[in-house]
Amino acid sequence: MNTGIQIQNISKTYGDVSALRDVSLEISEGELFGIIGPDGAGKSTLFRILATLLLPGSGQISIFGLDVVDDYKQVRSILGYMPGRFSLYQDLTVEENINLFASLFDTTVEEQYELIKEIYSQIEPFKNRRAGQLSGGMKQKLALSCALVHKPKLLILDEPTTGVDPVSRKEFWVMLARLKKWGITMIVSTPYMDEAILCDRVALIQDSRIMKIDKPESIVSEFSDHLFGIKSSNKHQLLIDLRTYEGSKSAFAFGSEVHYTHHNRLDTADLRAYLEKMGHSEIEIYDTKPTIEDCFMDLMQEKNG
Ligand code: ADP
Ligand code: MG
């Protein structure tokens, strides 16, 4: 059977720390799949198991029909893995890094140039620079080129945009979307909830469990609360005051505003009077549309609360 990636009932503990609890997930061939979750959720543990570097405690994973434990050698030959920050040899140049990765897989940059050129050509002008001297965004481009150089069927990218500036983050996602035309299946983890919207489907993972798996647009359409955007002259105090307002369901800082939901129907005049009494000025209360971040915050709060 060759039906993409099947992750079945995977659990993993480190001593008495549970890193993954009964995680099941299916990913289709060619899909760009996001694993979204905060620090310590279990993302890297799942990726290390997928990359055959760590044995699962229990459960099974099949990657294009290959078993991640029994067939680990074949699995390694079809996957590209970018393990977060330290996948490059800092003392080697750009060119030396990519040649090394190519030679490990018995190929050459020339042979694979078509696939990697869109990305690699952006850093090729710096091919004699040591990897350690590159900017965060350029390092990620080189790391991605290295992970791609043997034309993997599956690309596993562990937090490729963490610590990268916002412009490079956007560029990185554009590059991933372009790679789809090669039919490469991609699993990408990120702590940035807004990046979920760029995936075909996402899994929200928190505290070693999967809370939700769906298309981003379906997750957004399921948000059922009336969402308000609220502003005042003192955003920090506004958040505190909204959280302690009677009937308050949720209040999260969101750029320059606070996103707020209320347990029952909100009387905005009452709320305004309350905020004025608490010393706020320049108060604005308006309806706003939920984003994927609102949905994740809601899901995470629900399970915690
Ligand atoms: P994430 O990548 O989402 O931040 P990890 O998979 O790295 O999550 O970690 C999941 C949990 O497992 C955390 O509680 C973390 O502290 C723990 N953990 C991860 N790696 C190890 C390890 N090698 N030894 C002990 N605990 C670990
Ligand atoms: Mg991690």
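Biologist: Into which domains is the protein chain divided, and how many Å apart do their C-alpha centres lie?
Modeller: This is a predicted model, and in it the protein chain is divided into domain 1, covering residues 5-221, and domain 2, covering residues 228-289.

Biologist: What does the C-alpha trace of the protein chain span along its principal axes, and how many helices and strands does the chain have?
Modeller: Along those axes the C-alpha trace spans about 70 × 45 × 35 Å. As for its secondary structure, the protein chain has 14 strands, and its helices number 10.

Biologist: How are helix α4 and helix α5 oriented to each other?
Modeller: Helix α4 is made of residues 113-123 and helix α5 of residues 136-148, and they pack with their axes 9 Å apart at an angle of about 150 degrees. An angle over 145 degrees counts as roughly antiparallel, and therefore the relation of α4 to α5 is roughly antiparallel.

Biologist: Where is F64 found, and is it buried, exposed or partly exposed?
Modeller: F64 is found in the loop that runs between β4 (58-63) and β5 (66-67), and its phi is near 45 degrees, a positive value in a residue other than glycine. A residue needs 20 or more other C-beta atoms within 10 Å to be buried and 12 or fewer to be exposed. Because F64 has 19 other C-beta atoms within 10 Å, this residue is partly exposed.

Biologist: Where does E159 lie, and is it buried or exposed?
Modeller: E159 lies in the loop between β7 (154-158) and α6 (166-179), and although E159 is not a glycine, its phi is positive, at about 45 degrees. Within 10 Å of E159 there are 21 other C-beta atoms, and the cut-off for burial is 20 or more, so E159 is buried.

Biologist: What percentage of the 305 residues in the protein chain is buried?
Modeller: Counting over the 305 residues of the protein chain, the buried residues make up 37%.

Technical notes
Residues numbered from 1 in each chain as written. Chains lettered and ligands numbered in written order. Predicted model: local features only at pLDDT ≥ 70, side-chain atom pairs only at ≥ 80, totals over all residues. Helix = DSSP H or I, 4+ residues; strand = E, 2+ residues; numbered from the N terminus. Axes fitted to C-alpha atoms, helices over the stretch in contact; angles between N-to-C directions. Parallel < 35°, antiparallel > 145°, perpendicular 65-115°, else oblique. Domains from an automatic or database assignment.
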